[in-house]
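Hi there,

Here is the structure I promised to pass along.

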Amino acid sequence: MEYIDLRSDTVTKPTPEMREAMAEAEVGDDVYRDDPTVNRLEELAAEMLGKEAALFVPSGTMGNLLALLVHCQRGDEVIVGNQSHIYLNEAGGMSALGGIQPCPIQNQPDGSLAIKDIFASIRTEDVHHPITRLICLENTQNICGGVPLTAEYTRQIGELAHHNHLRLHLDGARIFNAAIAQNVSVEELVKPADSVMFCLSKGLAAPIGSMLVGTNKFIARARHIRKMLGGGMRQVGVLAAAGIISLEKMTKRLGEDHARARKLADGLRQVEGLEVDAGSPYTNMVYLNLSENVPVNAQQIIQRMRDDGVLVDSESARRFRLVTHFWIDDAAVEKTVSAFAKSLR
Ligand SMILES: *Cc1c(COP(=O)(O)O)cnc(C)c1O
């Protein structure tokens, strides 16, 4: 059975055009910087984000970890959102591998970190204290609903960071979704950040890979640590070829995913027993809960939907996140709404 898969945008398989480009990619040993396709991808990523240089990495988690390891020393502290991927979903890498301590502060409902909270968390110079080194923002903020942070907010945080001799790292796993949703350029959105990670392997549909971008000096250091972590890859142009299509083509079509997420949310709002979050979706994620009077839980709904050919995931016992992407068309949206209705009957 061909499933309709709304569990995440990480489930996207490469497009036929990507498969072809991968098969025909010119390659070389990328540890020697000899892979022309990787070099082209890195140049393109740096150019599109308005930064000096970029590095192809196997995953977003490694990209974020490299940024943390370049910006921070052992014993340093990083201000992160308590609902951020870096804090919750990267296996504690900063502490385990970098000896870096997170200072989690509350994410506001709009995905931001309150300026007063950041300000209060910056350590004063004291022999007892860790040294605050870095602020991390996430755009779009996944757990807060896939909500995008604005260019103006990011500018304010960049200013606050730099004024206090801190760096700003942006976990921009879905930064192109954030840009399209707000009709601003990615370059504008990331301008205040010293480093940015974004994923090719999510809504941009590449099979593997993320990009880390920043200054030449920052990327040179990150390249060294990538090797240390075992992330130096060889004829990896076969993957970079898909990434180039992600950047040149797939970034242009993310608005379709957002429109389908809206259509999905509108449809689900008509279904008795479901409560779609107010304001959802902001980008390509629809968040919803089961109404209190529904006598079944999310796991039971998930099983019934699976039997009907639709894969969804739960966030908690009664909460779902649905993610639209390249392989979700209008028919899939309609089928999902009817499968939900059926599962609740
Ligand atoms: C997916 C994701 C990452 C990490 O990417 P992986 O490639 O899965 O390691 C980082 N941050 C956010 C917000 C993400 O959604």
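**Around the ligand**

The shell around the ligand is made up of three nonpolar, six polar and five charged residues. Please keep in mind as you read that this is a predicted model. The shell counts 14 residues, and those that come nearest to the ligand are Gly60, Thr61, Asp171, Arg174 and Lys202.

Which parts of the fold supply the shell? Helix H3 (60–71) and strand E7 (195–199) each give at least two residues to it. H3 has the largest share, with three residues.

- Thr61 places a polar side-chain atom 2.6 Å from an oxygen atom of the ligand.
- Asp171 has a side-chain N or O atom 2.6 Å from a nitrogen atom of the ligand.
- His85 has a side-chain N or O atom 3.5 Å from a nitrogen atom of the ligand.

As for how much of the ligand is covered, it exposes 370 Å² when taken alone, and the protein buries 85% of that.

**The protein as a whole**

Stepping back, the protein contains 14 helices and 13 strands. Its radius of gyration is 21 Å, close to the 20 Å that the globule rule gives for 345 residues, so the protein is as compact as a globular protein of that length. Along the principal axes, the C-alpha atoms fill a box of roughly 60 × 55 × 35 Å.

Buried residues account for 57% of the 345 in the protein. Among contacts with a separation of 6 or more, 72% are between residues 24 or more positions apart. The accessible surface is about 15300 Å², and carbon and sulfur atoms hold 49% of it.

**Helix H8 and what covers it**

Helix H8 spans residues 175–182, and Ile175, Phe176, Asn177, Ala178 and Ala179 are buried in it. What lies over these buried residues? The cover includes helix H2 (36–49), strand E6 (167–171), helix H9 (186–190), E7, helix H11 (237–248) and helix H12 (254–269). Just after H8, Asn183 adopts a positive phi of about 55 degrees.

**Two asparagines in loops**

Asn82 sits in the loop between strand E3 (76–81) and helix H4 (85–88). Leaving aside residues up to four places away in sequence, Asn82 touches Tyr87, Leu88, Pro104, Ile105, Gln106 and Asn107. With Asn107 there is a specific atom pair to look at: the side chain of Asn82 reaches the backbone nitrogen of Asn107 at 3.0 Å. The C-alpha atoms of Asn82 and Cys103 are separated by 8.6 Å, and the two residues are 21 apart along the chain.

Asn293 is in the loop between strand E10 (285–290) and helix H13 (298–307). With a relative accessible area of 64%, Asn293 is exposed. Its C-alpha lies 7.5 Å from that of Gly273, which is 20 residues away in sequence.

Happy to go through any of this with you on screen.

Best wishes

Note on methods. Residues numbered from 1 in each chain as written. Predicted model: local features only at pLDDT ≥ 70, side-chain atom pairs only at ≥ 80, totals over all residues. Heavy atoms only, no water. Near = heavy atom within 4 Å. Polar contact = N/O pair within 3.5 Å; in protein donor to acceptor, adjacent residues only side chain to side chain. Areas by Shrake-Rupley, 256 points an atom, 1.4 Å probe, with all protein chains shown as cover. Helix = DSSP H or I, 4+ residues; strand = E, 2+ residues; numbered from the N terminus. Nonpolar A, V, L, I, M, F, W, Y, C, P; charged D, E, K, R; others polar. Rg over C-alpha atoms; globule rule 2.2 N^0.38 Å. Buried < 20%, exposed > 50% of the residue type's maximum accessible area, 1.4 Å probe, protein only. Contact = heavy atoms within 4.5 Å.
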